[in-house]
Amino acid sequence: QVLLCGVIVMRPEDPLTFLEEKLREIMEKGLDGVLWYMCIDLSLHPKLKRISESYLNTVFGLDGEQLMTEELCAKAWDFYSRNLMKVYFGGWIKYSLLRKNKRRKAKQKMAVAVVHYNIHILRVIIQKWSMWVQIHKEKMTLAVKRLQQIFNKIYLNAVVKAWHAEAHSSLKTKAYFESLAKESQKGCFESNDLTVRHKTSTSHLPEKALLQVFHYVNLVDLARCAQVSQTWMLLTQNSSLWSDINFSSVKHKVQNQIVVNILQKWRPYVLRLNLRGCYSLHWPSFKSISECKNLQDLNLSECQGLNDESMRLISEGCRALLYLNLSYTDITNGTLRLLSSSFPNLQYLSLAHCRKFTDKGLLYLGSGKGCHKLIYLDLSGCIQISVDGFRNIANGCSGIQDLLINKMPTLTDKCIQALVEKCQQIMSVVFLDSPHLSDTTFKALAECKLVKVSIEGNNQITDLSFQLMSKCCPYIRHIHMANCQKITDAGLKMISPLKHILVLNVADCIRISDGGVRPFVQGSSGTQLRELNLTNCIHVTDASVTEIAQRCHQLNYLHLRYCENVTDAGIEALGNMSSLISIDISGTGISDMGLRALGCHGKIKELSISECKNISDTGIQEFCKGTKYLEYCHVSYCPQLSDEAVRAMAFHCRRLTSVNIAGCPKMTDTCIQYLAAACHYLHFLDVSGCIHLTDKALKYLWKGCKQLQILKMLYCRNIAKQAVLKYTAKLEQLEHNDADPPSWLGYDRDGNI
């Protein structure tokens, strides 16, 4: 650097010689003393002012030998000033932006605060307004209730006054006819001392007791009672006997004129009228019904003469109806329109198996005044109803509590969902023979507080339905899930915590076993269970039966039919249950020992031991000795039993009303003679397959069993048709043929097994 500066400034003529001389000088002085201008003559040195102040050295970082001109210093100061200004200006810019951002954020927060404040003020205003509206509504409701009470009181006073006037008029009419009757019979009593003595000794019973007896007598027998004496005739004219008229019990004898005469005489007092199955009634009878202004309960089921025009007549007069049964009739949409306009207080309605109305008719049911008070509805067998029909019901009758839809293969989950969407007060559902329902139905019903569920013949319901019941139906009391093949022990375990179950029916649920029955019985409802049906639960054993006997102290009805693994060991435990009044152990492995233990406490009223091959006459005799209250006894298809078994039943259990000895080939006329001699309350008797019975058996029944109503005598080839016609004319139901016994009975025409 030194040599190059010297050559450039000095410009020697001989650069090599110049360089050689200067190199020698540098070598002599040493490298430490070398300066950049030492090879330049002094005359050519620039005239520079030497600045060596320590302050400038510090400011500009100059070396001790460095020279600084004023121009460079000015440039340096200018650069430093600009750089300092840039730093300060940049800092000011950042500060200004920061303040601007803060002001912007503060403005945004203030805007949000204003919005929040306005919303808060609006919410406070709305809350206060809502409270005022609620208070105003409550005041309005109280005022409306008060006005309604005043109106009801005034209306009730008017009704009572009118009723009083009508009753007073009826009493005058009744007294007039009674005086005529007394005058007409006065001569007979005075002229015939025997008749007078009969009058004085007609009955030692008080009149109130006789009236109670007459309440249980059908119309034909009541007419006969009126012919016994004057006292009885007057008693049969008591208005309390005619507030509830049941023509159904004599439906085969009822004609239009009889109904018209009775209703015209007692129309002010008639509250309940049953015409079920009276197929011969037509316009005159329905016209008479319309004159019963106080009628509340009307049963027109199976009345073939009923149509829309007949219902129009009835609707004109019977405005106070609460209960109406129109099942198995030919009514159409016209009748449903009448129901909504003429019966605003209707609460119970049955349209079961009425096939001629449509979804549109159900729309009428809830329109206008509508049947808005309806709480019970039976739509069994109405297969024409679609989802829209159920939606129409929900729109107009949202207060339904009891719903029956049996024998309806077209019923689906969507139908129930459409109904439950608005009918959320449902407490009882019955869906027998509805195979297309699934767990989805119970998901929809989960919003309702169910207390009763009945489903039968369904292969889609699973344990999930029981799980939903356990979670959503804490007060359920009645569970009927018969013939639901997918129900398992897990389902019973799920409902075991429920505390209010009184009835459990899982008949034909073949996957149920001890693993489900025992946990359920040990659960919260075990001690208060009233009825338990385990029919055809083939995996249930004595372990479950023993647990039932130990835990279910209030059990009244127990069904163990076809539980093949139940033996004497389990049945003996049931012998200690004093609450048990009905038991069905047909098709089990019970023998005489178990039957003897079962009859120990003596309170059983109903016993069914059909198809029990291990019992004998001795077992029946031992059971009957300790059971005097037996009313129902079925020992059918036990070919080993003989007349001795029936003899024990007849003479120890004289209260028997229903006896079934079908399929017992050893029975003879002697067993029927025993029954006729001792069981005078017998209503039902089945002797089908008793091949040794003859015409004498019918004669015995005709003499001894005056109350017999139903008699079945299939495969009784020794009973002649002439005898059947002669002795069974007064029976309500008779089945007879003289064919040979079928092979499934297990014996031939001579009784050989």
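## Domains

The centres of domain 1 and domain 2, taken over C-alpha atoms, are separated by 37 Å. Domain 1 covers 216–330 and domain 2 covers 591–752; these bounds come from an automatic or database domain assignment.

This is a predicted model, in which local features need pLDDT of at least 70 and side-chain atom pairs count only at pLDDT 80 or more, while totals for chains, interfaces and linings use all residues. Residues are numbered from 1 along each chain as its sequence is written, and side-chain values use heavy atoms, with hydrogens and water left out.

## Salt bridges

Side chains of opposite charge can pair when their charged atoms come close. The whole structure holds 15 salt bridges (a side-chain nitrogen of Lys or Arg within 4 Å of a carboxyl oxygen of Asp or Glu).

One of them joins Arg391 and Asp388 at 3.0 Å, N to O. Both residues lie in helix α14 (residues 387–396), three residues apart, about one turn of the helix. Helices are DSSP runs (H or I, at least four residues), numbered from the N terminus.

## Pairs between helices

Glu547 and Arg518 form a salt bridge at 3.6 Å, N to O. This pair links distant parts of the chain, with Glu547 in helix α20 (residues 542–551) and Arg518 in helix α19 (residues 514–522), 29 residues apart. Glu547 is buried at 11% relative accessibility, whereas Arg518 is partly exposed at 33%. Buried means under 20% relative accessible area, exposed over 50%, and partly exposed in between (1.4 Å probe, protein chains only).

Key. Helices (H or I, at least four residues) and strands (E, at least two) are DSSP runs, numbered from the N terminus.
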